[in-house]
Amino acid sequence: KAGVTQTPRYLIKTRGQQVTLSCSPISGHRSVSWYQQTPGQGLQFLFEYFSETQRNKGNFPGRFSGRQFSNSRSEMNVSTLELGDSALYLCASSPGARGNTIYFGEGSWLTVV
Amino acid sequence: GEDVEQSLFLSVREGDSSVINCTYTDSSSTYLYWYKQEPGAGLQLLTYIFSNMDMKQDQRLTVLLNKKDKHLSLRIADTQTGDSAIYFCAGASNTDKLIFGTGTRLQVFP
């Protein structure tokens with residue numbers, strides 16, 4: 001069974017640009033959530049999607065958005081990139097019922113210059 | 001508010017047991033998880049425990065939960081050099097929103 005797949009793995013963007021990151025969950029999983037990891041702030045929750053609906057949202061500015069498609073694949077977008085957006089962005093998937101095992105992908109490393 | 005605390009570093013000799021501790025403030029945390037992160041990699045789920053359990057054992061891993069003190073620990077028996085990594089505990093209530101600790105860097109020396 002394939003794990004959580006994130007693309008791209010590495011990318012470099014310029015301040016002011018936007019970026020879209022993609023996540024394919026484990027087959028059969030309906031919940032996808034996103035996290036940002038930085039040395040200063042650690043692991044912070046961005047948002048969670050279940051059956052194409054945002055079920056939960058973290059404390060990030062509106063520049064951070066996401067969506068989920070009918071096949072459970074998810075994308076997150078960051079507009080008007082800032083240097084502080086440089087981070088590892090992690091996607092996680094679970095079957096969606098409460099208290100399920102939550103598996104993470106390898107992450108997308110974003111560098112903003 | 002929600003907060004999860006961990007000690008930053010732990011150094012153990014190969015073959016010894018490692019115990020990584022975690023305290024959490026959110027009493028509504030229903031599920032508690034342990035993840036391992038190696039350099040440049042994502043998070044690997046090691047194990048998890050429901051809040052109505054006191055202990056869970058999975059091969060070399062033992063999780064102990066003291067709900068009264070909101071204290072969680074992960075014991076790794078016969079620690080190997082391949083166990084060197086950062087270990088995160090995380091809590092979740094009834095969603096997939098995980099609140100992570102700061103992570104404990106485990107260093108295993110021969």
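How many helices and strands are there in chain A? Zero helices and eleven strands, in a model that is predicted.

**View 1. The whole of chain A.** Welcome to the overall fold, where the elements follow one another from the N terminus as β-β-β-β-β-β-β-β-β-β-β. The C-alpha trace spans about 40 × 25 × 25 Å along its principal axes. For 113 residues, a compact globule would have a radius of gyration near 13 Å, and chain A agrees because its own value is 13 Å. Among the contacts with a separation of 6 or more, 53% link residues 24 or more positions apart.

**View 2. The surface and charges of chain A.** Of the 113 residues, 50% count as buried. Chain A carries 11 positive and 6 negative side chains, and 3 Å separates the centres of the two sets.

View 3. Now zoom in on residues 108–112. S108(A), L110(A) and V112(A) make up the covered face of this strand, while W109(A) and T111(A) form the uncovered one.

**View 4. The partners of strand 11 in chain A.** Two pairings are worth a visit here. Strand 2 (residues 10–13) pairs with strand 11 in the parallel sense, over four bridges; I12(A) stands opposite T111(A), a residue of the uncovered face. Strand 9 (residues 87–94) runs antiparallel to strand 11 and is joined to it by three bridges. In that pairing, A87(A) has L110(A) as its bridge partner, and L110(A) belongs to the covered face.

Note on methods:
Residues numbered from 1 in each chain as written. Chains lettered and ligands numbered in written order. Predicted model: local features only at pLDDT ≥ 70, side-chain atom pairs only at ≥ 80, totals over all residues. Heavy atoms only, no water. Helix = DSSP H or I, 4+ residues; strand = E, 2+ residues; numbered from the N terminus. Rg over C-alpha atoms; globule rule 2.2 N^0.38 Å. Buried < 20%, exposed > 50% of the residue type's maximum accessible area, 1.4 Å probe, protein only. Contact = heavy atoms within 4.5 Å. Lys, Arg positive; Asp, Glu negative; His and termini not counted. Charge placed at Lys NZ, Arg CZ, Asp CG, Glu CD. Pairing = 2+ DSSP bridges.
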